[in-house]
Amino acid sequence: MTVADIDEGVLRERARRLLISGKLPGGDPAVSWAGSGRGEPCCVCQILVRPDEIGFDLSFRMPQREVELHMHSRCRIAWEQARASRAPS
């Protein structure tokens, strides 16, 4: 299975649940960069980001540690949409 096999609505729902549970941060990353995947699992869909796919590495500075997350581009869009839907009006 690849991330392309997952419906966009399913990705958004996964991202939303991860945000609610605190497993994904709701804030902006301190640093973000994109490039070829390096075989790490995506923090949204848990499928490896392959070298032939665009992957995002996001670095967050938390109060007591720094966290680096890896995402497919589709999963990053789902995470951004989930974050935006939670933003106060």
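Arg 83 counts as buried, because its relative accessibility is 15% (buried means under 20% relative accessible area, with a 1.4 Å probe and protein chains only). This is a predicted model, where local features need pLDDT of at least 70, side-chain atom pairs count only at pLDDT 80 or more, and totals for chains, interfaces and linings use all residues. Residues are numbered from 1 along each chain as its sequence is written, and side-chain values use heavy atoms, without hydrogens and water.

Arg 83 lies in helix α2 (helices are DSSP runs of H or I, at least four residues; strands are runs of E, at least two; both are numbered from the N terminus). Its side chain reaches two partners.

| Partner of the Arg 83 side chain | Distance |
|---|---|
| Side chain of Glu 80 (polar contact) | 3.2 Å |

A polar contact is a pair of N or O atoms within 3.5 Å; within protein, one must be able to donate a hydrogen and the other to accept it, and residues adjacent in sequence count only if both atoms are side-chain atoms. Leaving out residues up to four places away in sequence, Arg 83 also touches Leu 19, Pro 25, Gly 27 and Asp 28, among others (contact means heavy atoms within 4.5 Å).

α1 and α2 pack at about 60 degrees, with axes 8 Å apart. Axes are lines fitted to C-alpha atoms over the stretch in contact, and angles run from 0 to 180 degrees between N-to-C directions. The contact includes Leu 19 of α1 and Arg 83 of α2.

Cys 75 touches Val 3, Leu 11, Cys 42, Val 44 and Cys 45, not counting residues up to four places away in sequence.

Methods:
Buried means under 20% relative accessible area, exposed over 50%, partly exposed in between (1.4 Å probe, protein chains only).
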